[in-house]
Amino acid sequence: MMEWLDTKRLSEELGISCRTVEAWRISGDGPPFVRLGRSLVRYRRQHVDEWLAERLCRSTTESGAKE
């Protein structure tokens, strides 16, 4: 059975604010989502895991981070 996360649960699991998750949704930087209604958004666990895996880094240079 597929597991679905709402914005609050995703933000809690990632340790970030709901506003950040919402900003990612607007900019297209976050994981894929499904809009089921005007304010009803869900994230499929598998898609979140894949999105996170694509962002794995071994160094700050690899991540594109700037100091």
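A disulfide is a pair of cysteine sulfur atoms within 2.5 Å. This predicted model holds zero disulfides.

Stop 1: Select C18. Its relative accessibility is 29%, so C18 counts as partly exposed, since that class lies between buried, under 20%, and exposed, over 50%. Now select C57, which has a relative accessible area of 40% and is therefore partly exposed as well.

**Stop 2: the sheet.** Strands of a sheet pair through backbone hydrogen bonds, either parallel or antiparallel. Select the three strands here: they form an open sheet in the order β1-β3-β2, and the pairing is antiparallel. At the edges stand β1 (4–5) and β2 (34–35); each has a single partner strand, so one side of each is left without a neighbour in the sheet. Next, show β1 together with β3 (residues 41–44), an antiparallel pair joined over two bridges. Pick W4 and look across to β3, where R44 is its bridge partner.

**Stop 3: two helices.** Two packed helices are described by the angle between their axes and the distance between the axes. Select α1 (residues 7–14) and α3 (residues 45–53): their axes come within 13 Å and cross at roughly 35°. The crossing of α1 past α3 is right-handed.

Which residues of α1 and α3 meet? On the α1 side, show R9, L10, E13 and L14; on the α3 side, R45, V48, W51 and L52. Colour this contact by residue class to find five nonpolar, no polar and three charged residues.

Terms used: Residues are numbered from 1 along each chain as its sequence is written. This is a predicted model: local features need pLDDT of at least 70, side-chain atom pairs count only at pLDDT 80 or more; totals for chains, interfaces and linings use all residues. Side-chain values use heavy atoms; hydrogens and water are left out. Axes are lines fitted to C-alpha atoms, for helices over the stretch in contact, and angles run from 0 to 180 degrees between N-to-C directions. Helices (H or I, at least four residues) and strands (E, at least two) are DSSP runs, numbered from the N terminus. A crossing is left-handed if the near helix is turned anticlockwise from the far one by less than a right angle, and right-handed if clockwise. Contact means heavy atoms within 4.5 Å. Ala, Val, Leu, Ile, Met, Phe, Trp, Tyr, Cys and Pro count as nonpolar, Asp, Glu, Lys and Arg as charged, and the others, Gly among them, as polar. Buried means under 20% relative accessible area, exposed over 50%, partly exposed in between (1.4 Å probe, protein chains only). Two strands pair if DSSP finds at least two bridges between them.
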